[in-house]
Amino acid sequence: MPFSSLGLPKYLLAALVNQGFTKPYPIQEKAIPVILSNKDVLGIAKTGSGKTASYVLPILTKLARVKALKVRHVPVLILVPTRELAVQVEGVFRQFTDALPFPCKTMAVYGGVSVNVQMQRLNNVSVLVATPGRLLDLVNSNAVHLSSVKTFVLDEADKMLNLGFKKEVDEILALLPAKRQNLLFSATLSPNIEEVKRVLLHNPRVINITPEVNSIDLINQVAYAVSKEKKGPLLRYLIKERKMTQVLVFTSSVYQTDLVVSKLLKNKIEAQGIHSKKSQYARMTALTDFKEGKLRVLVATDLLARGIDIQFLPCVINYELPRSPKDFVHRVGRTGRAENPGEAISFITPEDQHHFKVIQKKMKKRVEMVDAETIMRAD
Ligand code: AMP
């Protein structure tokens, strides 16, 4: 089915052609007409499936019908779990706002940067993308009002309801008007999500996009058995020998992230780190440089495991394993996105062996194990 059959206006169809979106992805084909008909939606779709555009396009279409609101009231609110995702989602809106025949100001608000600038800019905003904590700060200082919200989106909902966000999300829900459209997107249908569906959604359409081939099967995975001390040399060996030009390396702590970056830099391999202790400016610059191919190695904690879309990322390395098998799947899912194959490499120390078996069992995939010392010695 082409985009032109989904009920979108001509100006957005033209913008889609300009953006190179020739054909809707399955989630878009199913969700766009339902969202346009004002129904609540529960979308089960992974990042990389094109889910952002599946709500951005109908929301922008419906904004044409929204009358002017009171000062500092927003008609569209999108809640996301991380600052990087807020910027990314707002970016997708902005990809299309120039094509609209009416003014549409979009804004992302998140912590870690000055609240004053955000307060001043929060006037006449049509689409607000926010992380929960900063949004509540802004509401409490009357910089923005949520009582006119017509469309509410909870993105990465499984995460929003887990990680200590629940109290803040509940507070925000209490500020929204009873009559509104709710769109909830989650990577999985967990018991948590079932509960929210019951409380939050009114007679929702459930759109479940489970890829024909499990996206994890598109990713080439390999594991290297390696001692703790040899991880650094192995990382440098792989980057240099394999001539990697863009690789995302996951560690499990702020400390390790900084350590890995400093060792790479010492060895003249260009690298930067992203973790919760970095300034927002440093996080954004590193991510943008990496996305644009200006930075060879990005080292990150699990802060980056969710939702972030890096087009055609060829390789992810698990320098350390995450504790949860779910996070492992999210990490390797940064590569092999939107039908492009990718590679995921995991470093496995003797102490990790048991945990890695559990991870493989959970993801229902066996990963070939190679002895790192043998390959390094062979060269
Ligand atoms: P998302 O799952 O929303 O993070 O989107 C994943 C990637 O797919 C993004 O880089 C989008 O720009 C891209 N994308 C989304 N929809 C389409 C489409 N219909 N055709 C081509 N690319 C798309």
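Biologist: What do the buried residues of α1 pack against?
Modeller: They pack against α3 (51–63) and α4 (83–97), where contact means heavy atoms within 4.5 Å. Bear in mind that this is a predicted model, where local features need pLDDT of at least 70, side-chain atom pairs count only at pLDDT 80 or more, and totals for chains, interfaces and linings use all residues. Residues are numbered from 1 along each chain as its sequence is written, and side-chain values use heavy atoms, with hydrogens and water left out.

Biologist: Which residues of helix α1 are called buried?
Modeller: L12, L13, A15 and L16, in the helix that runs over residues 10–18. Buried means under 20% relative accessible area, exposed over 50%, partly exposed in between (1.4 Å probe, protein chains only).

Biologist: Why do you say the buried residues line one face of α1?
Modeller: Seen down the helix axis, they fall within an arc of 160 degrees, so one face it is; the arc is that of the directions from the axis to the C-beta atoms. On the other side, K10, V17 and N18 are exposed.

Biologist: Why is the second largest pocket said to lie between domain 1 and domain 2?
Modeller: Domain 1 (3–208) and domain 2 (219–378) both give residues to its lining, so it lies between them. Those bounds come from an automatic or database domain assignment.

Biologist: Which element gives the most to that pocket's lining?
Modeller: α4, with 6 residues.

Key
Helices (H or I, at least four residues) and strands (E, at least two) are DSSP runs, numbered from the N terminus.
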